[in-house]
Amino acid sequence: MIPFNRAAVAPHQLELVGESFTTANLSGDGPFTKMATQTLSELHGGATVLLTPSCTAALELSALLLDLASGDEVIVPSFTFSSTAAAFALMGATIVFADVEAETLNIDPEQVAQLITTRTRAIAPVNYGGTPVSAKIRALADEHGVLMIEDNAHGLFAAADGRPLGTIGELSTLSFHQTKNITCGEGGALVINDPSFIERAEILREKGTDRARFFRGMVDKYSWVDVGSSYLLADVNAAILAAQLDHADEIQARRAAAWNHYHDALGSWATEMGAGMLEPAAGATPSYHLFGLLMPDHATRTDFLAHTKSEGVLAVFHYVPLHSAAAGRRVGSAPLGCPVSSDVSDRLVRLPLFSDIKVEEYERVAEVVATFGR
Ligand SMILES: *Cc1c(COP(=O)(O)O)cnc(C)c1O
């Protein structure tokens with residue numbers, strides 16, 4: 001069976017983990033956190049980066065920074081992972097679901113423009129599959145004085161017109177879950193593009209203490225100064241992350257090779273089938289996070305997934321729209337409906353694309369796909 005996902009192991013990953021044990025500095029903000037953080041900061045034009053235990057934790061930290069009060073609203077796309085909405089709902093926000101655009105599968109600026117109210121505190125778009133969210137979202141946030149928090153779990157290494165994704169929101173978040181391009185098992189990061197959030201983010205992440213200021217010698221003892229939680233990534237995990245980031249060029253090259261092979265090998269098959277392929281936006285540098293096919297209808301997708309599975313290839317679908325999920329209906333609503341999210345959710349397929357995929361694996365996947373319906 002060719003799996004949908006298999007984690008890549010960077011060649012010196014074990015060595016760095018071993019070193020982490022030798023220095024006996026396993027908890028957060030140790031030397032490997034510094035290494036990984038510096039690389040991530042450079043990838044985001046020098047922004048401040050805080051490693052977290054997950055992208056979900058980074059989204060929660062963003063939500064805490066908003067100081068949400070009852071009745072405050074956060075606008076999120078319906079077509080995303082639960083965390084994008086759950087993190088804000090957990091901190092008390094009412095979730096307003098917007099539909100996605102059919103071309104990009106990113107939050108629809110036309111809907112967002114209509115959904116912004118005086119209670120809106122933030123818009124939290126996703127760069128789906130590493131496709132840059134519309135610049136109109138930044139403009140809307142500015143116009144209405146609300147924050148933009150980019151869920152950039154798919155967009156590390158991607159850029160729009162040369163600008164790295166994850167740098168246009170005041171805050172953005174990354175995931176290093178095993179299913180993402182770079183992984184340390186479970187992990188994430190908060191990228192802080194607006195420096196006014198740095199000091200409080202450090203405090204909220206450190207159980208509400210000013211420990212970070214203490215370590216920089218800015219206060220002579222640290223104490224409890226605010227609410228907070230524990231959102232640090234263990235340094236032993238950061239050692240894996242640092243090794244993977246060192247190895248990022250190889251990882252991205254392999255993902256690009258698989259993506260390009262699918263794209264070249266399946267073009268005429270897709271046309272014949274009436275299937276669509278998710279394409280990178282014009283002027284964008286892709287992240288090669290996923291390879292998506294849009295089957296003509298739900299029944300064809302069901303047959304397609306059965307076909308690939310019977311041939312030993314594990315292709316999968318993606319999100320069940322959040323506005324229609326049980327929790328989504330409890331914590332929010334979709335005042336304008338989300339027909340595109342529902343439709344795409346019924347038809348989308350993702351092919352195996354992972355950081356150590358082998359040539360014979362992606363060639364076999366393409367062969368299996370191309371025999372469907374022929
Ligand atoms: C994977 C993912 C998350 C959650 O990431 P974790 O690191 O597992 O918390 C959030 N949002 C999106 C869009 C994702 O794909």
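**Close-up views of a predicted model**

View 1. Of the 16 residues around the ligand, Thr56, Asp151, His154, Ser175 and Lys180 come nearest (near means a heavy atom within 4 Å).

Residues are numbered from 1 along each chain as its sequence is written, and side-chain values use heavy atoms, leaving out hydrogens and water. As the model is predicted, local features need pLDDT of at least 70 and side-chain atom pairs count only at pLDDT 80 or more, while totals for chains, interfaces and linings use all residues.

View 2. Helices (H or I, at least four residues) and strands (E, at least two) are DSSP runs, numbered from the N terminus. Strand E2 runs parallel to E4 (residues 120–123), joined by three bridges; two strands pair if DSSP finds at least two bridges between them. Look for Glu73 opposite Thr120 in E4. E4 also pairs with E5 (residues 147–151), again parallel, over two bridges, and Ala122 stands opposite Leu147 in E5. From E4 the chain goes through helix H6 (residues 135–144) to E5 in a right-handed β-α-β crossover (with the strands pointing away from the viewer, the path from the first strand over the helix to the second runs clockwise).

**View 3. Ser78, in the loop between E2 and H4.** Ser78 sits between strand E2 (73–77) and helix H4 (82–90). Ser78 is buried, at 0% relative accessible area (buried is under 20%, exposed over 50%, partly exposed in between, with a 1.4 Å probe and protein chains only). Leaving aside residues up to four places away in sequence, Ser78 touches Phe97, Ala98, Pro321, Leu322, His323, Cys338 and Ser341 (contact means heavy atoms within 4.5 Å).

**View 4. Helix H14 and its packing.** The buried residues of H14 are Glu361, Tyr362, Val365, Ala366, Val368, Val369 and Ala370. They pack against helix H10 (248–273), strand E12 (292–294) and helix H11 (298–310).
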